[in-house]
Amino acid sequence: MNDSYLMVHYGELSTKGDNRKLFIRCLHQNIRRALKKYEVETKSTRDHIYIYLVKDNLDEVVSRLQDISGIQKISLVEKSPLELDKLKEKALEMIKRENIKTFKVDSHKSERAFALSSYELNCTIGDYILDNVNGSKVDLHNPEGKLKILITDEAAYLSLHNYPGLGGYPLGMNGKVTLMLSGGIDSPVAAYSLIRRGIKVECLHFASPPYTSASVIDKLQDILKELNEFQMDIKLQIVPFTKLQEEIYECVPEPYCITIMRRMMVRIATEVAKRNKSLAIATGESIGQVASQTLESVQVINEVTNFPILRPLATMDKLSIIDISKKINTYEISIRPYEDCCTIFKPRRPKTKPRLDECKKYEEKFDYASLIEEAVDNLETIYIASED
Amino acid sequence: MIYLDYCATSAPFESALEAYTNVNKFHFGNPSSLHFYGYESKKLLEEARTGILSLLNVSKEDNLIFTSSATEANNLVLKGIPFKYKNRGNRIITSKGEHPSILNPLLQMKDLFGFKVDYVPLKEDGEIDLDAFSSLMGDDVILVSIMGVNNETGAINPLSSISRIAKKYPKCFFHSDLTQAIGKIDLDYSMFDMFSFSSHKIGGVKGSGCLVYKKKVQFVSLLSGGEQEYGLRSGTNDVASSYATYVALKTTMSLLKEKKGHIVELRDYLYSKLEEIPSISINSTKRGSPFVTSISLEKNKASVIVEGLSNKGICVSSVSACSSKGEPASYVLEAMGKTSKQAHNPIRISISFSTTKEELDTFILELTALLKETKNI
């Protein structure tokens, strides 16, 4: 693996002007932390982060990098000194090693001092390969090997292989949210979407023992362990929700139970978000999926908070959500059959168009404020972190 | 923890665990090996085999093979017998109250292999309807499989009458799943052509079961290979588990002799306490196994109460884990003619020789509190 590097291409952060340095530092930190156990050397520059592989562990390192947000793509590159003869030899060696017959050379220069223009460099290297590899041909449209050459001020980097990254922003750059996590299929996907966007996720789960099973907490921990691939430590807080749920059941007519329950949950999430210094609440709601997720319901439920509520899955359909949950390995965990707070109340005719004045009327029937305070004061906190 | 779920499984007896460890440590040889060390294991295996047969008082005409579970033993009977004797007839009789390890293999025999299966209905008390059984019998019946003690209700089936009726049909074999009966009630084991049981329910280790059968009975084997266990169950013998089963059975049978009265007293005490709670009904009867008591909740959801008890450190069981995809009902209670509410909300309390009156008191206290506190959400 001598002279082999991985070159990390920045995601959308390259458009970020003055904040660029901060973004790069954050991504570099995230990469170093994620690759700690792989014994690599890393170096960040204005345009790329370079990762030097000390051991023969390319596949593992690339696969780990592909779970880190803020990376557009990863190239496997070989380094050459800025001398034309050595550059030609390196290019030839790489093409020969991979037994490539049709190729294309694509050079980029960030260093003006190099004598040849990009076009001249493409032609020179291409000629050299044509002269030295029997039967080789240039194919600009569909080549077997696309040789990329990047000229920087200290060296040239040549690459034939790229790996797609997760895209988005480096985790932590875009603040923190409190995500309402039920354990179903949607909320873990919402967590993934937020993390991919560089938003750190803290989770809030509503538990109603004995109506809900204690096994749900194990299930949540299993889900979050999968999400640890993308965010290495995740805080999970569990809200004791039984008393509120019982009061709702006592005081609210059946069709309104879910609406009022969601309003209580959002009130609690707002308080927790404030305490945790989160900038927003997030949910896995998808518009129209169930009665409490119609736009009418969303509006009535949203009314209880002035915190922004992020709904990354709002416009996605169920099948696309399931596809992502399978990709991030949470699907099989999510479908384990346990009750959660949302499945206890199964009104025969839940309100799909709840009215705000009705909600307020029912909420006057019980002292929810002190129950909310009691719930928020008795949160249980668990940290789920990846082992490396 | 207060453990009242001994029908699900029990802790291994110290003596059984010790036997298990010792055999694994000092006699790990393969009983099929030809050297002295294999031979030592073989001796232990045979000691366990004859030991169990003689504890059950069936040593003359019967044989025993060790399996991985009662489920495996049941499968061997329900598949191995019809395959072997299909020239005699194609009808099998079982009851509506059997364990899934009986019902599901028989469904396969019906759906995949074209055998006819008839189901004897249950009476209100959970025992099979003997008249119905009698009228279902016929010359084309090759196998009757009816359990000894029902695992949900503790109802004891009229085994000697069943045996007597079955014996009128010389082409038919009588098998009984005695998993909840063995070591729990007194039985004449010679009345069966075959019976199966599991080790971990009587203080042995998990992953071990037995099939006892009259030597005249032949089977098509399910596992072919090295021809262990008389060619009926290939696979290297687990001598340690088999020996632990022997030790556990010995222990449990002597406990039964010594403490039977204590168990009946405990059961009667439990009944008297349960009868004071208005919102439950008792599905079991005092004629059934004193180790098992089934109740149904008339107002609350059983899965919620079981979860609530679990949160207080008390283990009992319901039909199955709570599920958001429709609550399952107990088919046994349905077959006994219980209401849908009762069949959907049963709780099974199963005790052992080590259960105390104090434990039952705590259970009753917590149950009563939970029934009052929890809403019928």
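These legends describe close-up views of a predicted model.

**View 1. An open sheet of eight strands in chain A.** The strands of this sheet in chain A follow the order β2-β3-β1-β4-β8-β7-β5-β6, and their pairing is mixed. At the edges lie β2 (40-44) and β6 (137-138) of chain A, each of which pairs on one side only. Strands of a sheet are held in pairs by backbone hydrogen bonds, in a parallel or an antiparallel sense.

**View 2. Strand β1 of chain A and its pairing with β3 and β4.** Strand β1 (residues 4-10) of chain A runs antiparallel to strand β3 (residues 48-53) of chain A, and five bridges join the two. Within this pair, A:Met7 has A:Tyr50 of β3(A) as its bridge partner. β1(A) also runs antiparallel to β4(A), to which it is joined by seven bridges. Here A:Leu6 is partnered by A:Leu76 of β4(A).

**View 3. Strand β4 of chain A and its surroundings.** Strand β4 covers residues 71-80 of chain A, and seven of its 10 residues are buried, so the strand is largely enclosed by the rest of the structure. Nine bridges link β4(A) with strand β8 (residues 156-167) of chain A in the antiparallel sense. In this pairing, A:Val77 stands opposite A:Ser159 of β8(A).

**View 4. Helices α8 and α11 of chain B.** Helix α8 (residues 302-311) and helix α11 (residues 357-373) of chain B pack at an angle of about 130°, and their axes are 10 Å apart. The two helices, α8(B) and α11(B), are therefore oblique to each other. Their crossing is right-handed. From α8(B), the residues B:Ile305, B:Gly308 and B:Leu309 meet B:Phe363, B:Glu366, B:Leu367, B:Leu370 and B:Leu371 of α11(B). Six of the residues in this contact are nonpolar, one is polar and one is charged.

**View 5. Helices α7 and α11 of chain B.** Helix α7 (residues 239-274) of chain B packs with α11(B) at an angle of about 20°, with the axes 11 Å apart. α7(B) and α11(B) are therefore roughly parallel to each other. The crossing of these two helices is right-handed. Among the residues in the contact are B:Leu266 and B:Tyr269 of α7(B), along with B:Phe363 and B:Ile364 of α11(B). The contact of α7(B) with α11(B) has eight nonpolar and three charged residues, and no polar ones.

Methods
Residues numbered from 1 in each chain as written. Chains lettered and ligands numbered in written order. Predicted model: local features only at pLDDT ≥ 70, side-chain atom pairs only at ≥ 80, totals over all residues. Heavy atoms only, no water. Pairing = 2+ DSSP bridges. Helix = DSSP H or I, 4+ residues; strand = E, 2+ residues; numbered from the N terminus. Axes fitted to C-alpha atoms, helices over the stretch in contact; angles between N-to-C directions. Parallel < 35°, antiparallel > 145°, perpendicular 65-115°, else oblique. Left-handed = near helix turned anticlockwise from the far one by under 90°. Contact = heavy atoms within 4.5 Å. Nonpolar A, V, L, I, M, F, W, Y, C, P; charged D, E, K, R; others polar. Buried < 20%, exposed > 50% of the residue type's maximum accessible area, 1.4 Å probe, protein only.
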